[in-house]
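Hi,

Here is the structure I promised to pass on to you. Please open it next to this email and take your time with it.

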Amino acid sequence: MSGRTKNGNSSSDETSRLVDRFGREVSYLRMSVTDRCDFRCVYCMDEEMTFVPREQVLTLEELLQIADAFVSLGVKKIRLTGGEPLIRTNVTKLCRDIANLDGLDELVMTSNGSQLPRLAGDLKEAGLKRLNISLDSLKPERFKQLTRTGDVAQVLSGIDAAKAAGFDKIKLNAVILRGRNDDEIEDLVAFAIAKQLDISFIEEMPLGVISEHSRAESFMSNEDVLARLQQTWTLSEVAGRATDGPSRYHSIAETQTRVGFISPHSHNFCGDCNRVRLTAEGRLLLCLGHEHSVDLRAVVRANPGEQAPLVQAIVNAMDLKPERHFFDHSNEPDIVRFMSMTGG
Ligand code: SAM
Ligand code: SF4
């Protein structure tokens, strides 16, 4: 599968757009390239995880074929995520091939940053446009506790490597757990300001059964995070959406840093949701908070080398996209799959 590259070679003439039953156009695909990870963040995974058998994970060729089908249907933005996308072998080649698809505006990635000291330059050169890097603590011991295996020094040098490679508009993602890292909210923002990065705070979502902590007790709302920040900085809400992602942004006076808030519990991003997700084993998820899915791997493997059945399956899947999700933050998981399977 060579894909419709920017220098010709169209493998599909499909020009229709993806529109769901509620009139929302899908222009953004988040692809999990692996469910595996070098970290075991306490809100994301259990200590002992069972991963998808390798033969069930999409190959790099299949990932490219599916990306190509989406781009042919009008998708403009693709985010590679996981698991940890940078531990997938040959991920930089996949980046180069996807970035070259004719019609795609931007290829971006969410990463834990651990492999960036090694890969940042290659990723930039491959055509990756932007990086979101997860960082929940600046304290080495706490970082180790929250990630179970991670080394914060490696992530911090990954951030520096990404800046040195020429990535701009890098955004940090921080999940705040009450009683665990909420005392670092200001320090994380001060770090973002010092490094001229943006930062988003993400409310913990009830995805997957975890035993390490009570999600109900650790839940901290973004309203509380915002109230804390307002005691130190002057924040002004940025009108409209600064990106087509789910963050609401505030600028911080006299800095270049914007603070984003991703608040799934307040449903604030359903009404104009423009995205769908692909799991590492090829399930197309129409909504983060629902189990509706379509098995695109089965379509790809049943029709080797053929793009039309895949394109049709994606068009048909739009009818399954629900209007909204309903998360609550009691201890019961609404969804049994982990964020690492979903492609966060
Ligand atoms: N491994 C990469 C990383 O950590 O950035 C990409 C995948 S990770 C699943 C994507 C994002 O989801 C991370 O920012 C992580 O903090 C967030 N995340 C994982 N589990 C979550 C949960 N239960 N609630 C809220 N955010 C979660
Ligand atoms: Fe890995 Fe990202 Fe999940 Fe942490 S949040 S365990 S880094 S996939």
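Below is what turned up in it, part by part. Please keep in mind that this is a predicted model.

**The sheet**

Strands of a sheet pair through backbone hydrogen bonds, either parallel or antiparallel. Here you will find an open sheet of twelve strands with mixed pairing. Going across it, the order is β7-β8-β9-β6-β5-β4-β3-β2-β1-β10-β11-β12. Which strands stand at the edges? They are β7 (235-237) and β12 (293-295), and each has a single partner strand, so one side of each is left without a neighbour in the sheet. On average, neighbouring strands are turned by 25° against each other, if direction is ignored.

For one pairing in detail, look at β1 (residues 28-32) and β10 (residues 275-278). These two strands pair in the parallel sense over four bridges.

Two packed helices are described by the angle between their axes and the distance between the axes.

Start with α1 (residues 60-72) and α2 (residues 91-99). Their axes come within 10 Å and cross at roughly 20°. Angles under 35 degrees count as roughly parallel, and α1 and α2 are therefore roughly parallel to each other. The crossing in which α1 passes α2 is right-handed. Which residues meet here? From α1 there are L60, L63, L64 and A67, and from α2 there are L94, D97 and I98. Sorted by class, this contact has six nonpolar residues, no polar ones and one charged.

The crossing of α3 and α5 is right-handed. L116, P117 and A120 in α3 meet Q154, S157, G158, A161 and A162 in α5. By class, this contact has five nonpolar, three polar and no charged residues.

**Around ligand 2**

Which residues are found around ligand 2? They are C37, F39, R40, C41, C44, M45, G83 and N112. This shell is made up of five nonpolar, two polar and one charged residues.

**Two backbone details**

Last, have a look at two loop residues. Q196 lies in the loop between α6 and β6, and Q196 has a positive phi of about 60° although it is not a glycine. E254 is in the loop between β8 and β9 (258-262). The phi of E254 is also positive, at about 65°, and E254 is not a glycine either.

Enjoy exploring, and write back with any questions!

Best wishes

Terms used: Residues numbered from 1 in each chain as written. Chains lettered and ligands numbered in written order. Predicted model: local features only at pLDDT ≥ 70, side-chain atom pairs only at ≥ 80, totals over all residues. Heavy atoms only, no water. Axes fitted to C-alpha atoms, helices over the stretch in contact; angles between N-to-C directions. Parallel < 35°, antiparallel > 145°, perpendicular 65-115°, else oblique. Left-handed = near helix turned anticlockwise from the far one by under 90°. Contact = heavy atoms within 4.5 Å. Nonpolar A, V, L, I, M, F, W, Y, C, P; charged D, E, K, R; others polar. Near = heavy atom within 4 Å. Pairing = 2+ DSSP bridges.
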